[in-house]
Amino acid sequence: MSQFTSRAVRINQHGGPEEMKIVEVTVGEPGPGEIRIRHKACGLNFLDVYQRTGVYQLPMPLQLGMEASGIVEAVGEGVTHLKVGDRAAYASQPPGAYCELRVMPAKCVCKLPDNIDFETGAAMMLKGLTVQYLLNKTRPVEGLQPGDHILFHAAAGGVGLIACQWARALGLQLIGTAGSAAKCELARANGAAHVINYATEDFQARVKEITGGKGVKVVYDSVGKDTWDKSLDCLRPFGLMASFGNSSGVVPPFAPGSLAAKGSIYVTRQTLFTHIATRESTQAMADDLFAMVGSGKVKINIAQRYPLEQVQQAHRDLEARKTTGSTILTL
């Protein structure tokens, strides 16, 4: 059996960015249902921070990273949708994308269209597929129609900028929040119908003002603890609170009865990996994403690039909210 070496980012215990070390690992041949892929670029996500800090507990030692793009070098038995030499990209479990070369399950790896470059592919899979399931599958009970208002927190981040553009393409009136005037303008430039600087404005009051007191049908919230209570109060009756992250901290327990008092509202906690549990669902969602990016309706804003050796600084900047759009690690 052939063996290869690869640089990879690994942690031996949960903690700060300093726990991430670049190590040399051995990579073998793919088994049944697996591929070996040589990366061209790796994506950076807040999910990686959750895994590094222990918000999400995973066995140690842990190789970090959830999305990347590259070229398929070897294909295991039973893999039919990919072949050696294919350009490919993925958002996939298990973690391990912060590396040059890896063996991984093929199920969530998709052939990358020729009109999408490797850096874009690495920057868009986890974020773009997240927006795909949020706007197309995570909808309020009354549905969404063109002209409807939705509230999207962290609108200038990687997920947020894709959501601004995708919502505009669907005819939705996205109200985006961000933590500075510059970030608000970036969200507006990418399609947000309204922007709110939550550092200087009460976003709940502004949402009610924008919607004529009605509130929004759905809130998409990856911030968590800091925005939770006011977000619930931004919803109209039968509205949906769609939580998909907790960058400010985990939402504390709350009384289900409070949802009745706020208008019989719904709450859901979503994760991408439920939506991409099968090869068929992964490919269908990826095809939708590839079509949106290929058409130019959604452009992937890669605002930061760090060499793999600077992964610690990349995490520091992400946690300090110094980044906008998407961030990649270059190899």
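Before we start, one definition: a strand here is a DSSP run of E with at least two residues, and the elements are numbered from the N terminus. Please also keep in mind that this is a predicted model.

Now, which strand gives the most to the lining of the second largest pocket? That is β7, with five residues. The pocket itself has a volume of about 160 Å³. Its lining is made of 13 residues, and the closest to the centre are V27, Q63, R102, V103 and M104. Two elements, β2 (21–27) and β7 (101–105), each give two or more residues to that lining. By class, the lining has eight nonpolar, three polar and two charged residues.

Let's move to the largest pocket. It holds about 970 Å³ of space. Here 44 residues form the lining, with F46, L47, Y50, V159 and S222 the closest to the centre. If you'd like to colour it by element, the ones giving two or more residues are α1 (46–53), α2, α3, β10 (173–178), α8 (272–275) and β16 (326–330). The lining divides into 21 nonpolar, 19 polar and four charged residues.

How do α2 and α3 cross? Helix α2 covers residues 118–137 and helix α3 covers 158–170; their axes come within 9 Å and cross at roughly 45°. The two are therefore oblique to each other, and their crossing is right-handed. On the α2 side, the contact uses K127, G128, T130, V131, Q132, L135 and N136. These meet G158, V159, I162, A163, W166, A167 and L170 of α3. Sorted by class, that contact has eight nonpolar, five polar and one charged residue. V159, by the way, sits in this contact and is also among the residues closest to the centre of the largest pocket.

The other pair is α1 with helix α10, residues 311–319, where the axes are 10 Å apart and the angle is about 105°. These two helices are therefore roughly perpendicular to each other. From α1 the contact takes F46, D48, V49, R52 and T53, and from α10 it takes H315, L318 and E319. Its classes are three nonpolar, two polar and three charged.

Note on methods: Residues are numbered from 1 along each chain as its sequence is written. This is a predicted model: local features need pLDDT of at least 70, side-chain atom pairs count only at pLDDT 80 or more; totals for chains, interfaces and linings use all residues. Side-chain values use heavy atoms; hydrogens and water are left out. Axes are lines fitted to C-alpha atoms, for helices over the stretch in contact, and angles run from 0 to 180 degrees between N-to-C directions. Helices (H or I, at least four residues) and strands (E, at least two) are DSSP runs, numbered from the N terminus. Angles under 35 degrees count as roughly parallel, over 145 as roughly antiparallel, 65 to 115 as roughly perpendicular and the rest as oblique. A crossing is left-handed if the near helix is turned anticlockwise from the far one by less than a right angle, and right-handed if clockwise. Contact means heavy atoms within 4.5 Å. Ala, Val, Leu, Ile, Met, Phe, Trp, Tyr, Cys and Pro count as nonpolar, Asp, Glu, Lys and Arg as charged, and the others, Gly among them, as polar. On a 1 Å grid over the protein atoms alone, a cavity is a set of points where a 1.4 Å probe fits but cannot get out, and a pocket is an open set with protein on both sides within 12 Å along at least five of seven lines; lining residues have an atom within 4 Å of a point. Grid points are joined across faces, edges and corners, and a volume is the space filled by probe spheres set on the points.
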